[in-house]
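Reader: I've got a new model open and I'd like to learn how to read it feature by feature. Could you walk me through it?

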Amino acid sequence: MTGNGWVQFFLFCAVLLVSIRPLGIYMAQVLEGERTWLSPLLRPIEKFIYKLGGVDADQEMTWREYAVALLGFSAVSLLLTYVIERVQGLGVLSASWMNPQKLPGVEQALAWNTAASFTTNTNWQSYVPEATMSYLTQMAGLAYHNFASAAVGIAVAVALVRGIRRTSSSTIGNFWVDVTRGILYVLLPGSMLFALVLVWQGVPQNLHPYTQVATVEGQTQTIAQGPVASQEAIKMLGTNGGGFFNANSAHPFENPTPLTNLLEVLAIFAIPGAMTVMLGRMTGSPGHGWAVLATMFVLFAAGFTAIYWAESQPHPLIHGAAQVATSTAPGGNMEGKEVRFGIAESSLFATITTDASCGAVNSMHDSFTALGGMVVLTNIMLGEVVFGGVGAGLYGILIFVILSVFIAGLMVGRTPEYLGKKIEAYDVKMAMLYVLIFPLIILVLTAVFVLSPNAGLSSLNNSGPHGLTEILYAFTSAVGNNGSAFAGLNANTWWYNVALGWAMLGGRFLMIVPVLALAGNLAQKKSVPPSPGTFPVNTGLFTVLLTGVILILGALTFFPALSLGPVLEHLMLHSGQLF
């Protein structure tokens, strides 16, 4: 750990905090249909989209109608992406600009996995992107989903916030309007601007065939390129994470400079952080939004500190080599890390990408120390609520807010209240359903594959506790819609592709439905004035309670599994045992 590393961390935090307030206010205006500085340009386009799609922007939906529209939209999008992948090598679709490398259609199990992955904002990639997906598939299939899945997350979050704010209402908004505004006013302008900055910094954006060059050894090397900048921009801003290249943001064509590295991690947290400001503005309680943001920041800072410390330690079984940081050597565990980023920026990127449901990487998590790997895994196990994904982070942490208020009410023997709404049995049931679905899918599927020699264990490159961690990480990442991996696991098999695909769908949509049901129920309630016994949700004490509830319900649920994986691996290494 160095002073330079901490300076970079505090610089990131300062820039983030300065940027999220104006963005949050802007998002609240957009999603409430208020006039913004982009309205003169985009409002005519917005109205044209509604007319083209036959959408009545003034007709709001009940939570059931909202859920049906969301599920139908996602199902059709998944199917179209699957078809694009399967036929990318046929006829006109293999034309020069669409598929200059003449890549064949994607195998059916892998196509299913990838379609499910990008539909759910997971972007798990069981393939080498530059050797598998054509330019058409990258743009029309995958990049499209990067916008659509992020907009769906925003829509669900704003629907829940409306449910909290409204009284005696049977509706929570219009799904088609929320998705359209999320893309048109937020994701598209931000991605266009970010893509231009990336091109300026050296990220390719073209439709050229891959370049063949002669190396100094007299060999021939293929240099992949393509529409990278446009994919990279929404990949980060929409917390999607799927890279154009297999090396993801460790590749110099995706992340060429220190500036792009800073902008990419800022892009991951920008919208999730801004949505806490949006929460405060739309509910009329700005202090509550800041209290939620403070909880996120506490957990984020703790995670970064733990990973930075763990990765800065010398490996216990490497002797005779200098592992202490000096002016000319980074020290610590540099395996799987880019020298140009070092331990500090690798640790920061890993913390941010697993706190959010992004999954982009500039270092290989499988090469982290046992404790460093445990922290990135635990970040996902908390439920992707430490900033979390675009939209998903806000509605996820609001579930924990409901539970925290309920627990506080039990402590004082009063019916719990949250921003003027009484929290009753139905609300707690929906919140607990959300919380229990997550570990249930992860732990059951992990157990099944650990006990299956042919389907599960045959894909491992590591035995012992690290092998268990690789399987556990895969299903945690899938259900948590993160998409990062411990890459020692070969997940491109029929069994893993099919199981992970269903896990991603379950982790997304089985958890969204209870959120919308909760939003609909809260919207129907009448508002009650605060009383002396009402627990305030805009104080430091609430931040402490919320942090504790997240850690207890999130981390302790998985403690037995973590004990058999990274904790045991750490103890074995320090006792001199290999596996």
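Author: Happy to. By class, the residues lining the largest pocket are 24 nonpolar, two polar and no charged. Keep in mind that this is a predicted model.

Reader: What volume does the largest pocket have, and which residues lie nearest its centre?

Author: Its volume is about 680 Å³. The lining of the largest pocket has 26 residues, and L23, P189, G190, L193 and L237 are the ones nearest the centre.

Reader: Which helix gives the largest share of that lining?

Author: That's α7, with 10 residues. Helices that each supply at least two lining residues include α1 (3–31), α2 (39–53), α7 (175–201) and α9 (258–283).

Reader: Let's move on to strands. How do I read a strand pair?

Author: The general idea is this: in a regular strand, side chains alternate between the two faces of the sheet. For the case here, look at β1 (residues 211–214) and β2 (residues 220–223), which pair in the antiparallel sense over four bridges. A214 sits opposite T220 of β2.

Reader: How many residues lie between β1 and β2 in the hairpin, and which residue in the turn has a positive phi?

Author: Five residues lie between the two strands of the hairpin, and G218 in the turn has a positive phi of about 85°.

Reader: Are E384 and F387 buried or exposed?

Author: The cut-off you need is that buried means under 20% relative accessible area. E384 has 3%, so E384 is buried. F387 has 0%, so F387 is buried.

Reader: And aromatic rings? How many aromatic pairs are there?

Author: For rings, the cut-off is centres within 6.5 Å, and planes over 60 degrees apart count as edge-to-face. By this rule there are 33 aromatic pairs. Take F244 and F245: their centres are 5.2 Å apart with 65° between the planes, an edge-to-face pair. F244 is buried, at a relative accessible area of 1%, and F245 is buried at 1% too.

Reader: Why is the pair of F438 and F558 edge-to-face?

Author: Because the planes of those rings are at 80°, with the centres 6.1 Å apart. F438 lies in α14 (residues 425–450), while F558 is in the loop between α17 (540–555) and α18 (559–574), so this pair ties together parts 120 residues apart in sequence. F438 and F558 are both buried.

Reader: Which residues form an aromatic cluster?

Author: One cluster is made up of W6, F9, F10, F12, F269, F297, F300, F304, Y308 and F387.

Reader: Last one: what does I437 touch?

Author: Not counting residues up to four places away in sequence, I437 touches G506, L510 and M511. I437 is in helix α14, and is buried with a relative accessible area of 13%. From C-alpha to C-alpha, I437 and V479 are 9.4 Å apart in space, and 42 residues apart in sequence.

Notes:
Residues numbered from 1 in each chain as written. Predicted model: local features only at pLDDT ≥ 70, side-chain atom pairs only at ≥ 80, totals over all residues. Heavy atoms only, no water. Pairing = 2+ DSSP bridges. 1 Å grid on protein atoms, 1.4 Å probe; cavity = no way out; pocket = protein on both sides within 12 Å on 5 of 7 lines; lining within 4 Å. Points joined across faces, edges and corners; volume = space filled by probe spheres on them. Nonpolar A, V, L, I, M, F, W, Y, C, P; charged D, E, K, R; others polar. Phe/Tyr/Trp six-rings, centres within 6.5 Å; stacked < 30°, edge-to-face > 60°. Buried < 20%, exposed > 50% of the residue type's maximum accessible area, 1.4 Å probe, protein only. Contact = heavy atoms within 4.5 Å.
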